[in-house]
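Colleague: Before we rely on this model, I would like to go through a few of its labels and ask what stands behind each of them.

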Amino acid sequence: MATWSKDFLVEFIEEFRGHPCIWKVKSKEYHNREMKKNAYLALTEKMKTIDPQANKETVLKKINNLRSSFRKERKKVLMAKKSGMRSEDLYVPKLWYYKNLLFLVDQEEALDGVSSLVSDTEDLEETEQEITQKSVSPGISTHSSVSNQSAELNISTGPDISSYGCTFKRKKNQILVAVGDRLAQVKNEDRFDFFAKNVAAKLRALGNNEQRIYAEKLINDALFEAELGSLSRYSSINTGTGAYYALGP
């Protein structure tokens, strides 16, 4: 199993960054198959220095893992900003190579992840085609006929490969449908949804279950008072005197 040191991962990311044809969706190079082929060859050779068995599929999986981790951290950062948190309370990414992948921000936020998913799908499709082509080994045999002095050429194409393409296209369509559903869901969310997710994340992060219970109770009490219309800008929670807290005006 390959061992990825921090230094090597940074080098791999820099190599990846140096080939915008495989990550910069709106660039002209992105549609150049020859450039993308050479880029993946370079990344494969880089990975082979720690994993001799590495190939294009291995590179694609690694890149996808890196982008997925970056995407998750990026969403947490954006969610914290949209929730209206103070600057000192904003989420700080825990992913140590987060800053190394900031060049992907425009690509990830362009369509909220759609561009990267489509990119990975297209590259995987190319890989699938390469594997399929390698699995087909045409056999050519000739038979001479003395009576008509002509040669008959028989070509056997091996097993039917149409099912490979159908299966992959079906998976690709499923991915695009899932992305469309997710975009529709995000579009319908408002600032209250983001705030609720932020609160949920903080509750999960509480190590003390008792504190979590107290926090939930106070939140529910605050909402109860708000429904009765008894809250004002002077409402507060006083934790300095035990369980006492004042939510009314």
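Colleague: Which residues in helix 3 are buried?

Modeller: Keeping in mind that this is a predicted model, the buried residues in helix 3 are K56, V59, L60, I63, L66, R67, F70, R71, E73, R74, V77 and A80. They carry that label because buried means under 20% relative accessible area.

Colleague: How do you know that the span of helix 3 is close to the expected one?

Modeller: Helix 3 covers residues 56-82, 27 residues in all, and reaches 38 Å from its first C-alpha to its last, which is close to the 39 Å expected at 1.5 Å a residue.

Colleague: What does helix 3 give to the largest nonpolar core?

Modeller: That core has 25 residues, and F16, I22, L43 and L101 have the most contacts inside it; helix 3 gives the most to this core, with 6 residues. L101 touches I13, L66 and F70, leaving aside residues up to four places away in sequence.

Colleague: Which residues line the second largest cavity?

Modeller: The lining consists of F12, F16, I63, L66, R67, L101 and L104, around a volume of about 30 Å³, and helix 3 gives the most to it, with 3 residues.

Terms used. Residues numbered from 1 in each chain as written. Predicted model: local features only at pLDDT ≥ 70, side-chain atom pairs only at ≥ 80, totals over all residues. Heavy atoms only, no water. Helix = DSSP H or I, 4+ residues; strand = E, 2+ residues; numbered from the N terminus. Expected span 1.5 Å × (residues − 1). Buried < 20%, exposed > 50% of the residue type's maximum accessible area, 1.4 Å probe, protein only. Core = buried A, V, L, I, M, F, W, Y, C linked by side-chain atoms within 4.5 Å. Contact = heavy atoms within 4.5 Å. 1 Å grid on protein atoms, 1.4 Å probe; cavity = no way out; pocket = protein on both sides within 12 Å on 5 of 7 lines; lining within 4 Å. Points joined across faces, edges and corners; volume = space filled by probe spheres on them.
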